[in-house]
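User: I have a model open here and I am new to it. Could you walk me through some of its parts?
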Amino acid sequence: MNLNTKYFGAIEYDESDPLAFPQGLFGFPEEREFLLIPFEGSAGTLLCLQSTATPELAFVVMDPFSLDPAYAPELQRAELQALGVGSHQDLSYYVLCVVRDPVAESTVNFKCPVAINPETRVAQQVILETAAYEMRHALSEFGPKAGAGLC
């Protein structure tokens, strides 16, 4: 299949590649399929969450564990059931990034990660029931190398 993307131009992908978001993303309930595309040179820690229905809709996401190895998201039982897993450890996680200039002022949302069942490719954006994480953590909180892939 072919798709025009926001950051990568025209690409080809297999029909099994998209992630299924049965509930959409917060603010985008009608957007139900996204591709997860790594940015070149990021070693898989900086990616694009690209809508398959709306070419101009794409989000920059990051592997939260590359920023904070102690990140420990815990989902509610209903969220785990919706994703078809028994434990939050059976999931992959990504956090949305708002890219700013300068890059050190960019922020990541640790409070509302995207959780993905890697087996079924079903995904859901969740709100963590903890005060430990914020919606806007500055990349500068994580040290000088945190935003290196954004430049």
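User: Let me start with Ala10: in which strand does Ala10 lie?

Analyst: This is a predicted model, and in it Ala10 belongs to strand β2, which covers residues 9-12.

User: Is Ala10 buried or exposed?

Analyst: Ala10 counts as exposed, because its relative accessibility is 62% and the cut-off for exposed is over 50%.

User: And what is Ala10 in contact with, leaving aside its neighbours within four places in sequence?

Analyst: With those neighbours left aside, Ala10 is in contact with Leu3 and Asn4. Strand β1, residues 2-5, pairs with β2 in the antiparallel sense over four bridges, and Leu3 has Ile11 as its bridge partner in β2.

User: How many residues sit between β1 and β2 in that hairpin?

Analyst: Three residues lie between β1 and β2 in the hairpin that they form.

User: How far apart in space are Ala10 and Tyr71?

Analyst: From C-alpha to C-alpha, Ala10 and Tyr71 are 35 Å apart in space, while in sequence they are 61 residues apart.

User: Changing topic, where is Glu31 found?

Analyst: Glu31 is found in a loop, the one between β3 (19-20) and β4 (33-38). Glu31 is buried yet has no salt bridge, and the nearest side chain of opposite charge, that of Arg32, is 8.6 Å away.

User: Which side chain does a polar contact join to that of Glu31?

Analyst: The side chain of Ser51 is joined to that of Glu31 by a polar contact of 2.5 Å.

User: Now the cysteines: how many disulfides does a search of the whole structure find?

Analyst: Searching the whole structure finds zero disulfides. Cys112 is in no disulfide, and the nearest cysteine sulfur, that of Cys97, is 14 Å away.

User: Is Cys112 buried or exposed, and what about Cys97, buried or exposed?

Analyst: Cys112 is buried, because its relative accessible area is 1% and the cut-off for buried is under 20%. Cys97 is buried as well, with a relative accessible area of 8%.

User: How many bridges join β7 to β9, and how many join β9 to β10?

Analyst: Strand β7, residues 92-98, is joined to β9 by three bridges, and these strands run antiparallel. Ser92 has Ile116 as its bridge partner in β9. On the β10 side, four bridges join β9 to residues 122-125, again antiparallel, and the bridge partner of Asn117 in β10 is Val122.

User: What is in the turn between β9 and β10?

Analyst: β9 and β10 form a hairpin with four residues between them, and Arg121 in that turn has a positive phi of about 65°. Arg121 is partly exposed, with a relative accessible area of 30%.

User: What is phi of Ala43 near?

Analyst: Phi of Ala43 is near 55°, which is a positive value in a residue other than glycine. Ala43 is found in the loop between β4 and β5 (46-51), and Ala43 is exposed, with a relative accessible area of 79%.

Technical notes:
Residues numbered from 1 in each chain as written. Predicted model: local features only at pLDDT ≥ 70, side-chain atom pairs only at ≥ 80, totals over all residues. Heavy atoms only, no water. Helix = DSSP H or I, 4+ residues; strand = E, 2+ residues; numbered from the N terminus. Buried < 20%, exposed > 50% of the residue type's maximum accessible area, 1.4 Å probe, protein only. Lys, Arg positive; Asp, Glu negative; His and termini not counted. Salt bridge = Lys/Arg side-chain N within 4 Å of Asp/Glu carboxyl O. Polar contact = N/O pair within 3.5 Å; in protein donor to acceptor, adjacent residues only side chain to side chain. Pairing = 2+ DSSP bridges. Disulfide = S-S within 2.5 Å. Contact = heavy atoms within 4.5 Å.
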